[in-house]
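Open the model in your viewer and have the sequence panel ready for selecting residues. The stops below go from backbone details to pockets.

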Amino acid sequence: MQAKFPPFDVKSPQAIREQLEKLLPVSHFFVYEQVTKLGQEMDIPALLVGGIVRDLLLGRQNLDLDFVTLSFSHPLAEQLLEYFEEQPGLTEIKLLKHDAFGTARLDVAFLDGTKLHIDLATARYEHYSQPGALPTVDIDPPSTLEEDLKRRDFTINALALSPTEGLVDPYGGLEDLREGWLRILHPRSFIDDPTRLVRGCRFAARFGYKFDPDTEKHLREAVSGLGKLTAERRRNELTLILAEVAPDRGMQILNKYDLLSQIHPLLKWDSEVEQDFLRIKQGEHKVRPYERFVIYLATLCAHLLPVQAEKVVTELRYSHEAAKIPPQVSRLKHEVLPKLNTQLANSQLYALLHEFDPEALEIAAILAPDKAPLLRHYLDKVTPLKPQLGGDYLKELGLKPGKQFKRILDQLRDSVLDGKLVSREAEAAFLQKLAKDILD
Ligand code: CTP
């Protein structure tokens, strides 16, 4: 017999409360209780909605406290602000309100360092003036809960938790969760909001779900809409899917529906890229703390020429921090690694590798196991070697900064790297001789 899913009564507010208490950290549960209690007292019912409800049913932790309120959310947000300000265990309480959208966001920090935010969104209708445009929001008057849920992406995300009635599920989200279906709520969903094409692939990859046949048909018809979105919106979706636990599965599904090339026409997925994703999955922990998506973006870009990699990150408007690594990995793979061999002296390794960030070198080491020992040697043994003397000492010897000055310092560094100078005295003697030759 199949286990009951979920293993608690979804119509019992008490059972739901217990699940929340089990899955949420104490701070989040405390905040949840205050929001729903005050909401009831003020007759502004506040229901948890979206991903956190889906994940609660799946028994997964989700810390996004997203509430929908059945009348204008701001009075509740203001009361919560007052209440939290009186609590001795809370600090840094901030409230941000958006009048036209009827949304409010409260940021709170606990004395133990936990930070969290609470989103309160007035139940709304949304209209799309044209495909892919951002929606126009209508909260005056607030919509019904059913209307608010209907504007959402998939049935599994169109669920709400009422503190008095338990699960609210007008579109069969629980059944789809149980059966593993991704189902849109109306035929125009992907046309209105093409980011949902990628979101769908992301959920399919994360949960191992499938698009229901009708949804899949609409998805295939809407594919070209993704390429028409702004670069920022395409980039955000790519970043999210690359940051998932199994980005390879996400890429596979995106590619299956020709969506990867809609994100950027140069991006491609084939068995070689897949192999590299699997290599990285095994070794990503070795790359110094860096946002995971950058590592996978670099892996995608390693299969493009350096100019193409540069084009992808620039055109998708990645931040400087994220954009610098992928083209470096491409250059390493295509231009530099082929030149590496065990005959090279440390100074020659330095000449080839010093301009690259350590993260790019770590990624290259995972992607090219045959070159990994040399890259490891460079990272672990060569980069810590530094001359003890420098420009100041040269100035003391009477030299002025300039081209020759720099050449001498380069010679000093190379000699230290190659183990020819192993003490401060040896470095001093080396510099004195070179300086003398110039000054004489
Ligand atoms: N949503 C939507 N269409 C979008 C984005 C969001 O309908 N393009 C709705 C969904 O109901 C979603 C909720 O807004 O559940 C919150 O969005 P978000 O936080 O982006 O998604 P989650 O479902 O929480 O997914 P994740 O677990 O990846 O955070």
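**Stop 1: an exposed residue in a strand**

Select Glu92 first: at 56% relative accessibility, Glu92 counts as exposed, because the cut-off for that word is over 50%. Keep in mind that this is a predicted model. Glu92 belongs to strand 3, residues 90-98. Its phi is positive, about 45°, although Glu92 is not a glycine.

**Stop 2: the strands around it**

Strand 3 and strand 4 run antiparallel and are joined by seven bridges. To see how the two strands face each other, pick Leu96, which stands opposite Arg105 in strand 4. The two strands form a hairpin with four residues between them, where Gly102 takes a positive phi near 65°.

Now move on to the other partner of strand 4. Seven bridges also link strand 4 to strand 5, again in an antiparallel arrangement. Here the pair to pick is Thr103 and, opposite it in strand 5, Ala121. This hairpin too has four residues between its strands, and Gly113 in the turn has a positive phi of about 100°.

**Stop 3: the largest pocket**

Which residues lie nearest the centre of the largest pocket? Select Asp66, Arg124, Arg151, Arg152 and Arg199; they belong to a lining of 38 residues. The pocket holds about 1400 Å³ of space. Helix 8 gives the most, with six residues.

**Stop 4**

To show its lining, select Ala204, Gly208, Tyr209, Lys210, Phe211, Glu216, Gln252, Ile253, Lys256 and Tyr257. Strand 11 and helix 11 (247-256) are the elements that give two or more residues to this lining. Helix 11 gives the most, three residues. By class, the lining has five nonpolar, two polar and three charged residues.

**Stop 5: a kinked helix**

Select helix 9, residues 213-227, and look along it: there is a kink of about 45°, centred on Glu221. Then show the side chains of Thr215, His218, Leu219, Ala222, Val223 and Leu226, along with Gly225; these residues of helix 9 are buried. What covers them? Among the elements doing so are strand 10 (181-182), helix 7 (189-192), helix 8 (195-207) and strand 11 (210-211). Helix 10 (231-242) and helix 12 (260-263) also take part in the cover.

**Stop 6: two cis peptide bonds**

Select Phe5 and Pro6, which are joined by a cis peptide bond with omega about -15°. Pro6 sits in the segment before helix 1 (13-23). Next, go to Asp140 and Pro141, where the peptide bond is also cis, with omega near 5°. Pro141 is in the loop between strand 7 (136-138) and helix 5 (145-150).

**Stop 7: another positive phi**

Finish at Arg317, in the loop between helix 15 (306-315) and helix 16 (320-323). Arg317 is not a glycine, yet its phi is positive, about 55°. With a relative accessible area of 47%, Arg317 is partly exposed.

Key
Residues are numbered from 1 along each chain as its sequence is written. This is a predicted model: local features need pLDDT of at least 70, side-chain atom pairs count only at pLDDT 80 or more; totals for chains, interfaces and linings use all residues. Side-chain values use heavy atoms; hydrogens and water are left out. Buried means under 20% relative accessible area, exposed over 50%, partly exposed in between (1.4 Å probe, protein chains only). The bend at a residue is the angle between axes fitted to the seven residues ending there and the seven starting there. Contact means heavy atoms within 4.5 Å. On a 1 Å grid over the protein atoms alone, a cavity is a set of points where a 1.4 Å probe fits but cannot get out, and a pocket is an open set with protein on both sides within 12 Å along at least five of seven lines; lining residues have an atom within 4 Å of a point. Grid points are joined across faces, edges and corners, and a volume is the space filled by probe spheres set on the points. Ala, Val, Leu, Ile, Met, Phe, Trp, Tyr, Cys and Pro count as nonpolar, Asp, Glu, Lys and Arg as charged, and the others, Gly among them, as polar. Two strands pair if DSSP finds at least two bridges between them.
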